[in-house]
Amino acid sequence: KLVDAVIEDTFELSTTKVELMTDPPKEEEVSVYFWREDFGDALTDEDWNFERFQEDWLPEFSEVCKDMRKQHRINKMNDEALKETTMKNRRAKDGFEDDEEQNWDEEED
């Protein structure tokens with residue numbers, strides 16, 4: 001999975017079952033990341049704080065995820081599409097074309 005590229009090696013992707021708090025309760029299988037036991041010494045007694053993560057780390061983590069997504073899309077392009085997109089970007093930066101830069105986030109089918 002693409003998310004594996006941005007998740008540290010201290011985590012392991014696994015599947016588990018959770019009970020949804022619906023009426024009536026429903027059980028579903030989900031994918032989760034677990035902390036690997038091999039890295040137990042790296043844990044501290046301090047609880048993980050979601051609000052602190054949002055304030056201190058989320059913007060940077062989001063940028064890393066965006067960069068990985070762009071790289072993934074670029075890696076899926078064939079040579080001709082990559083060459084064409086690169087040339088469009090260069091011409092746009094140099095002012096030779098009025099077209100906007102190719103959005104690497106766009107998925108082409």
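A salt bridge is a side-chain nitrogen of Lys or Arg within 4 Å of a carboxyl oxygen of Asp or Glu. This definition is needed at several stops of the tour. The model is predicted, so local features need pLDDT of at least 70 and side-chain atom pairs count only at pLDDT 80 or more, while totals for chains, interfaces and linings use all residues. Residues are numbered from 1 along each chain as its sequence is written, and side-chain values use heavy atoms, with hydrogens and water left out.

**The whole chain**

Begin with the whole chain in a cartoon view. Its secondary structure consists of three helices and two strands, where helices (H or I, at least four residues) and strands (E, at least two) are DSSP runs numbered from the N terminus. Along the sequence, these elements follow the pattern β-β-α-α-α. Of the 109 residues, 7% count as buried. Here buried means under 20% relative accessible area, exposed means over 50%, and partly exposed lies in between (1.4 Å probe, protein chains only).

Select E12, which lies in strand 1 (residues 11–20). E12 counts as partly exposed because its relative accessibility is 40%. E12 and V32 are 20 residues apart in sequence, and their C-alpha atoms are 8.1 Å apart in space.

Now select D23 and P24. A cis peptide bond joins D23 and P24, with omega at about 0°. P24 is in the loop between strand 1 and strand 2.

Continue to K26 and E28, and display their side chains. These two side chains meet in a salt bridge, at 3.4 Å from N to O. Side chains of opposite charge can pair when their charged atoms come close. K26 is partly exposed, because its relative accessibility is 44%; E28, at 32%, is also partly exposed.

**A network of charges**

How many salt bridges are there by this rule? The count comes to five. For a linked group, select E46, R52 and D56, which form a network of salt bridges. The side chains of E46 and R52 meet at 3.5 Å, N to O, and those of D56 and R52 meet at 3.2 Å, N to O. D56 and R52 both lie in helix 1, four residues apart, about one turn of the helix. An α-helix has 3.6 residues a turn, so residues three or four places apart point the same way.

Is E46 exposed or buried? E46 counts as exposed, because its relative accessibility is 57%. R52 is partly exposed at 46%, and D56 is partly exposed at 41%.

**The largest pocket**

The largest pocket has a volume of about 860 Å³. Grid points are joined across faces, edges and corners, and the volume is the space filled by probe spheres set on the points.

Strand 2 (26–35) and helix 1 (50–56) each supply at least two residues of this lining. By class, the lining has eleven nonpolar, two polar and four charged residues. Ala, Val, Leu, Ile, Met, Phe, Trp, Tyr, Cys and Pro count as nonpolar, Asp, Glu, Lys and Arg as charged, and the others, Gly among them, as polar.

**Helix 3**

Finish at helix 3 (residues 79–94), which has 16 residues. From its first C-alpha to its last, helix 3 reaches 22 Å, close to the 22 Å expected at 1.5 Å a residue; the expected span is 1.5 Å times one less than the number of residues.

At the start of helix 3, select N78 and E80: a side-chain oxygen of N78 reaches to within 3.1 Å of the backbone nitrogen of E80. Within the helix, select T85. T85 counts as buried, because its relative accessibility is 5%. A polar atom of the T85 side chain lies 2.9 Å from the backbone oxygen of A81.

Definitions and conventions. Polar contact = N/O pair within 3.5 Å; in protein donor to acceptor, adjacent residues only side chain to side chain. 1 Å grid on protein atoms, 1.4 Å probe; cavity = no way out; pocket = protein on both sides within 12 Å on 5 of 7 lines; lining within 4 Å.
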